[in-house]
Amino acid sequence: MSKVLGVCSALLCTHAAVAANIQTKFEGKFDFSYDTGSESVSWLDKGWGATRFGKNDNKLSVSRAALAGRIDFADSWSFQGVAQYVPDPKTTVGFTEAFLEYSPAAQGYHVSTKLGAFYPKMSLENTGFGWSSPYSYHYSALNAWLGEEIRTIGAELVIKRPARKFRSKYDFSFHGAVFKGNDPAGTLIAWRGLLPHDRQSNLNERVGFAPLYSLQKPQLSKQWQHSDPFHEIDGRFGYYFGAHLEYLKKHSLRVYWYDNNGDPAVLNETIGQYAWDTRFLSVAWKSKLTKQTHLVAQAMSGSTAMGKARGVNNDFHSWFLLLSHKWQDYRFSARFEQSKVIDKDHWVFDPNASDNQALTLHASRAFSERWRAGVEWLYSDSWLSYRYKSGLPYDVKDKVWRATISYQF
């Protein structure tokens, strides 16, 4: 009996020691928004609009509510996740990220790994809470697309050379990952275009788009009327690798090459999704001109294709330039961007070309550590080649006002 009591006592002590080493942190944010929306029906509601909220949507809503959690275990392990609520096109709750991270202390080079579902750190715009932007409510079109159709579902290795530990002016890190489950990425580029907005997709979510005449044709009849971006279709691994360079904590450069290695001839008829062959180069730059004034730029160029003999085959390009200034409790931002999809295939019945230019002006004020309010104006000029089948003009100009009150805890 004494031996049993001794073993139980040892187990309880071990459990208490482990529990003592576990630390948790949870943060949340609510965005209450009034959005004038566009006169068109939003693509989320299977319309031809170029903005997140259209004429069928509520003007006043909780545009996003998010909860981020981190649990730190012993031996440098942690679990991190972000769950969100969004109201459109219907009430949806789910995870945008959920992963384990191993990040041990190091004297020189620092090596860390991630395993799970997470964003590749390509963006220098979306660096805020829950992968939001600290500069504006609407994300640039290229980062909005990353938030919709790109997620690493696999493993990432990061090797970092910290400037401080090497008495250097430069921080450098290498990021490499292998993943599965991102085969349909590219669907929205071809059949909706690249558009600025602020909606992130949950890991279990389908993203709809307007009914397409081309999907009634025999060549595309097995493709369903939505993107299921986080499914594995062809059984092949995708990959990306990137490099981060930072000088004196003032200037940052991030360069990534992404390739989902999709086999465009493979179709999963059960869910109506093809594996798209999507690859792109992303280059992001950020300069702190002063402590209060930041300049952010990013450009992306790539291609995406699906179907036997690459029946749908497109190139795409997108870039933006953003200037943001903080004055006392205020932030002022301006961003100009341009995105283009080039139709390279010979399926005349399925036009994919699109062109979008947008200007975003933002002003907000922090009233406390928890409360912030602001207004934003988005001007979008979108030219979509597939609007003509619905009797709509190719070119549509939208002017959207948005007022938001944010509460963070």
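A search of the whole structure, which is a predicted model, turns up 30 aromatic pairs. Rings of Phe, Tyr and Trp (its six-membered ring) pair if their centres lie within 6.5 Å; planes under 30 degrees apart count as stacked, over 60 as edge-to-face and the rest as tilted. Take Tyr 258 and Phe 280: their ring centres sit 4.9 Å apart with planes at 15°, so this pair is stacked. It ties together distant parts of the chain, with Tyr 258 in strand S11 (residues 251–259) and Phe 280 in strand S14 (residues 277–288), 22 residues apart. Strands here are DSSP runs of E, at least two residues long, numbered from the N terminus. Both Tyr 258 and Phe 280 are buried, where buried means under 20% relative accessible area, exposed over 50%, and partly exposed in between (1.4 Å probe, protein chains only). The two also belong to one aromatic cluster, along with Trp 145, Phe 179, Tyr 240, Tyr 256 and Phe 316.

Another pair, Trp 377 and Trp 401, has ring centres 6.5 Å apart and planes at 45°, so it is tilted. Here too distant parts of the chain are linked: Trp 377 is in strand S19 (residues 371–384) and Trp 401 in strand S20 (residues 395–408), 24 residues apart. Trp 401 comes out as partly exposed, at 48% relative accessibility.

Charges turn up over rings as well, meaning that NZ of Lys or CZ of Arg is within 6 Å of the ring centre and within 35 degrees of the ring normal. Lys 114 lies over the face of Phe 99, 4.8 Å from the ring centre, and Arg 192 does likewise over Trp 43, at 4.6 Å.

Leaving out residues up to four places away in sequence, Ala 358 touches Pro 196, Arg 335, Phe 336, Glu 337, Leu 378, Tyr 379 and Ser 380, a contact being heavy atoms within 4.5 Å.

As for the numbers themselves, residues are counted from 1 along each chain as its sequence is written, and side-chain values use heavy atoms, with hydrogens and water left out. Local features need pLDDT of at least 70 and side-chain atom pairs count only at pLDDT 80 or more, while totals for chains, interfaces and linings use all residues.

Key:
Helices (H or I, at least four residues) and strands (E, at least two) are DSSP runs, numbered from the N terminus.
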